[in-house]
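This report goes through one structure by topic, beginning with a pair of helices. Please look over the sequence and the model before reading on.

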Amino acid sequence: MNNEIYYSDYLQLEKILQAQAPESEKAGVNAHDEMLFIITHQTYELWFKQILYELSAVMAVMAQPHIRDNSPDLFTAVHRLKRVVTIFQVLIHQIDILETMTPLDFLDFRNMLRPASGFQSMQFKILEATLGLRLQERHGREYYTSQLRPEDKKKIEELEQKIPLVELVNIWLERMPFFDVSEYWGGQSYHPAEHPFWKTYRSAYATSLLDIEKNNLERMDELLFSSEKKSYWKLSPKARRAALFIIAYRDFPLLQLPFQLLNVLLEIDESLATWRYRHMNMVHRMIGTRVGTGGSTGKEYLRGTVEKHYIFSEIAEITSFMIERSKLPQLSPELQKKLGFEQ
């Protein structure tokens, strides 16, 4: 028996290369660019599958009861999230290929696609929900599942009940032990707002603000020192404080991987926003102000998603409360040793 693997069999190329069925060919219409349109969108879906595969592995790491901040697991999570960012860069550049199709080329077959639309991409909806974009936060949420088959709509509703990545990140950040260990702070425990580190930090931050920025101090108090997490927040005050500490003291070896994790989440948000922006402009170029094939308002709907669909914006806002390295509070020798892997 011959068990040798053959290239085309391994990749199942017969299935893949026969998976393009242009509607224009079925109708006997000459629409050359429909093949490009199909292959580009099929490629998107393959990359979405890979992103979901990577996110599944990251979610498994972040869902563990205990994650050491200098562990191989955390390194693996960061590495795979960076791969997701790189894939998004490819997805953004694929728009360059699609834009070689002119509006007139698109009109040759556009009306044959109705009511199909990229808005019906289940994998992209699953991707957004897995990261942490919830229905109540969506632009045009009343339209979000209206074009889906009942079974797909049910899948999205069920996914909304599961813990997303952003919530796992919140739980991970809340585990930061340094402010709960009294040996680092003179043998005492403090309420966050009265903690000597945060009192010193807040004072330094207040002196760094311009007159027109004074409202930032009230915002800082609300987001970092409130007694509880508001229902519409993705990050709790404790998690925000941990994130701010990680970002501010990222030069310590122990905080390097945690900082990279937070940073790559912001890169994912930026990549998604860039992709949405490029998509919006491409749609405007192709159909102007006409209605999308799925019935949306086209460019105007996409503009709303660009502005509203940030998932990790609460991490980004933490940078509003940064101060210069030279003004950072001095950490105790014991804590410095811990963060520097010193015994």
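In which kind of crossing does H4 pass H7? H4 passes H7 in a left-handed crossing; a crossing is left-handed if the near helix is turned anticlockwise from the far one by less than a right angle, and right-handed if clockwise.

## Basis of the model

This is a predicted model, in which local features need pLDDT of at least 70 and side-chain atom pairs count only at pLDDT 80 or more, while totals for chains, interfaces and linings use all residues. Residues are numbered from 1 along each chain as its sequence is written, and side-chain values use heavy atoms, with hydrogens and water left out.

## The chain as a whole

The protein chain has 17 helices and zero strands. Helices (H or I, at least four residues) and strands (E, at least two) are DSSP runs, numbered from the N terminus. Along the principal axes, the C-alpha atoms of the chain fill a box of roughly 80 × 65 × 35 Å.

Of the 343 residues in the protein chain, 44% are buried. Buried means under 20% relative accessible area, exposed over 50%, and partly exposed in between, with a 1.4 Å probe and protein chains only. Among contacts in the chain with a separation of 6 or more, 76% are between residues 24 or more positions apart; contact means heavy atoms within 4.5 Å.

## Helix H4 and its partners

Two packed helices are described by the angle between their axes and the distance between the axes. Axes are lines fitted to C-alpha atoms, for helices over the stretch in contact, and angles run from 0 to 180 degrees between N-to-C directions. The axes of H4 (residues 34-62) and H7 (residues 122-131) cross at roughly 25° and come within 9 Å. That makes H4 roughly parallel to H7. Angles under 35 degrees count as roughly parallel, over 145 as roughly antiparallel, 65 to 115 as roughly perpendicular and the rest as oblique. On the H4 side, the contact is made by Glu45, Phe48, Lys49, Ile51, Leu52, Leu55 and Met59, and on the H7 side by Gln123, Phe124, Ile126, Leu127, Thr130 and Leu131. These residues divide into nine nonpolar, two polar and two charged. In this classing, Ala, Val, Leu, Ile, Met, Phe, Trp, Tyr, Cys and Pro count as nonpolar, Asp, Glu, Lys and Arg as charged, and the others, Gly among them, as polar.

H4 also packs with H5 (residues 72-98), at an angle of about 165° and with the axes 9 Å apart. H4 and H5 are therefore roughly antiparallel to each other. H4 passes H5 in a left-handed crossing, and their contact has 22 nonpolar, five polar and four charged residues.

Eight of the ten residues of H7 are buried, so the helix is mostly covered. The buried residues are Met122, Phe124, Lys125, Leu127, Glu128, Ala129, Thr130 and Leu131. After H7 comes Gly132, which has a positive phi near 135°.

Pro115 lies in the loop between helix H6 (103-107) and H7. A cis peptide bond, with omega about 0°, joins Arg114 and Pro115.

## The nonpolar core

The largest nonpolar core has 91 residues, and those with the most contacts inside it are Met62, Leu165, Trp172, Leu173 and Phe245. The largest share of this core, 15 residues, comes from H14 (residues 253-287). A nonpolar core is a set of buried Ala, Val, Leu, Ile, Met, Phe, Trp, Tyr and Cys residues joined through side-chain atoms within 4.5 Å. Not counting residues up to four places away in sequence, Leu173 touches Leu235, Ala239, Ala242, Ala243, Ile246 and Leu262.

H10 (residues 165-174) packs with H14 at about 155°, with the axes 13 Å apart. H10 and H14 are therefore roughly antiparallel to each other, and their crossing is left-handed. In H10, Leu165, Val169, Trp172 and Leu173 meet Pro258, Leu261, Leu262 and Leu265 of H14. By class, this contact has eight nonpolar, no polar and no charged residues.

## Two single residues

Asp152 is in helix H9 (residues 150-159). Is Asp152 buried or exposed? Asp152 has a relative accessible area of 18% and is therefore buried.

Gln12 lies in the loop between helix H1 (7-10) and helix H2 (13-17). Its phi is near 50°, a positive value in a residue other than glycine. Gln12 counts as partly exposed, because its relative accessibility is 41%.
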